[in-house]
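Here are some notes to read with the structure open beside you.

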Amino acid sequence: MWKKYVTGSTSVAPLAVFRALFGFIMAVSIVRFAANGWIHELYVQPSYHFTFYGFEWVQPLGATGMYALFAVIGFSALAMMLGWRYRIAAVLFFLSFTYVELIDKTNYLNHYYFVSIVSFLLIWVPANRRFSLDAWRDASLRADLVPAWTVNIFKLQLGLVYFYAGLAKLHSDWLLDAMPLRLWLPAHGHWPVLGPLLEMPETAYLFSWGGAIYDLTIVFFLLWRRTRPLAYVAVIGFHLATALLFQIGMFPYIMILSTLIYFSPPFHNTVIRYAKQTWRWVTRSGASEMSGMGTAGGPTRYRFSKSVSWALGGMLGVYFLLQVLVPLRFMAYPGNLFWTEQGYRFSWRVMLMEKTGHAVFHVHDPDTGRQWQVGNWEHLTPNQEKMMSTQPDMILQFAHHLEDTYQEQGLGDVEITVEAHVTLNGRRGELLVDPDVDLTEVEPGFHHKDWLRPFPGNDQRWIGGS
């Protein structure tokens, strides 16, 4: 078993196709991002950014720098797709994309995190040994077989994403109340034919239970050869439906293409053959090696040295241990996960809550006795204010930013409190933060946020959260 899935040899074709498709969808995503004006809106326009704990040093690079950084992301994605200077391209893409992701947590999306970790894994595998410009340019790089783990780590990563996404759905809001789908689906009630169906509560329950079952089982059906084609049809249908119904960007298309990694080497060889034929048709070229595919004689194997194998094995062992443990860290905190959001990010919780709110910050200057309310819009963009108003760590960060701002203006040790009214999955609005706590005296960090008010609803613990 160990040899088959880890140290044994397998065709490089699935890895080569995965690399090309990942680079392609990333290049398209960057063009789409730039065309929509989001570089300016999200990274140039804001005067303040909500950094991640420990990454306060990651700051925007100014207008010219941010556009240049996105150009690096786009060109490195294209280079990965083509397999040109692959290792350099993979490193550049991972570093530049992850840097952008860490600038402001108000822009956090699960699929941004997914892109970062997949691009990290791509650094360490020989995905350019076939179907690449590198292999076409240098015949000595070509290989037909690679260690099995270089393909299976991507299957494992996708499996963890699906499993934790399904596990997170096993709670009362999702299964018993069909929330938040009962709030979201009726928004499409104006559609012809389907509209009335989407307004029915039964449809929300069908989608909720179907989504949980899909996430928890789809990987097993993809792993079994006999059910794989039908399972992939389900993958396409599921993700296209979510793309149609919800504003979740490129994530559905990324998952549709990434999931092809589960198909057998003959399938990927067919993909490469058709791509090769298409290239020859477009270029009117008869050169069989334009795609850097195949060598004379028997199959060639790519092998890592023993020392490199041990080093990579240790690193990937730690990596996947973290991938298993990080989504479970919410269990270290008391209270309702969706209310406190302690351990919520980086845990594959997708579309599980509708959380809205409004935060009013009160400032008191003890030296003068003056009191006033903060105009959040003077410091934040509308999107930043919307995200901050319901997420405790951002509320605390903003309070400390206000304190620093007022100190720069010559004020002393001001006191800052907040009235944050928040509604979660259709419940009536309640105060999220203790309005008597001076947030300037609270230290940011990963410790429990005891300055939050208790969740006002039923606080029974469930499988996917609390």
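1. The protein chain in this predicted model has 19 helices and six strands. Its radius of gyration is 25 Å, close to the 23 Å that the globule rule gives for 466 residues, so the chain is as compact as a globular protein of that length. Along the principal axes, the C-alpha atoms fill a box of roughly 85 × 55 × 45 Å.

2. Next, a word on confidence. The mean pLDDT of the chain is 92, and 94% of its residues reach 70 or more. Over residues 287-296 the pLDDT stays under 50, and the model has 30 contacts for them beyond four places in sequence. The pLDDT is also below 50 over residues 459-464, a stretch with 19 contacts beyond near neighbours in sequence.

3. How much of the chain is buried? Buried residues make up 52% of the 466. As for contacts with a separation of 6 or more, 72% of them are between residues 24 or more positions apart.

4. In soluble globular proteins, nonpolar side chains tend to be buried together. The largest core here has 78 residues, and the members that touch the most others are F70, F93, L122, V125 and F154. A second, separate core has 52 residues, L185, Y344, F361 and V414 among them.

5. Helix α8 (residues 149-168) has 20 residues, which at 1.5 Å a residue should span 28 Å; its end C-alpha atoms are 28 Å apart, in agreement. Of those 20 residues, 16 are buried, so α8 is largely enclosed by the rest of the structure. Helix α19 (residues 392-408), with 17 residues, should span 24 Å, and the 25 Å between its end C-alpha atoms agrees with that. Here 14 of the 17 residues are buried, so α19 too is largely enclosed. After α19 comes G410, which has a positive phi near 100°.

6. Helix α14 (residues 251-258) is also mostly covered, with six of its eight residues buried. Which ones are the buried residues of α14? They are F251, P252, I254, M255, I256 and S258, and they pack against α2 (13-35), α6 (110-123), α8 and α13 (228-245).

7. For a closer look at this region, pick T242, which is found in helix α13. T242 has a relative accessible area of 12%; the cut-off for buried is under 20%, so T242 counts as buried. Not counting residues up to four places away in sequence, T242 touches I248 and P252. T242 and P252 are 10 residues apart along the chain, and their C-alpha atoms are separated by 7.1 Å.

8. Turning to the strands, four of them form an open sheet in the order β4-β3-β5-β6, with antiparallel pairing. At the edges stand β4 (370-373) and β6 (430-431), each with a single partner strand, so one side of each is left without a neighbour in the sheet.

9. Which residues face each other across the sheet? Strand β3 (residues 355-365) pairs with β4 over four bridges: V363 has W372 as its bridge partner, and H364 stands opposite Q371. Between β3 and β5 (residues 415-424) there are 10 bridges, and H362 stands opposite T417 in β5. Two bridges join β5 and β6, where H421 has L431 in β6 as its bridge partner.

10. Finally, please look at the two hairpins of this sheet. The hairpin of β3 and β4 has four residues between the strands, and G369 takes a positive phi near 80° there. In the hairpin of β5 and β6, with five residues between the strands, a positive phi near 50° belongs to N425.

How values were computed:
Residues numbered from 1 in each chain as written. Heavy atoms only, no water. Pairing = 2+ DSSP bridges. Expected span 1.5 Å × (residues − 1). Buried < 20%, exposed > 50% of the residue type's maximum accessible area, 1.4 Å probe, protein only. Core = buried A, V, L, I, M, F, W, Y, C linked by side-chain atoms within 4.5 Å. pLDDT = per-residue confidence, 0-100. Contact = heavy atoms within 4.5 Å. Rg over C-alpha atoms; globule rule 2.2 N^0.38 Å.
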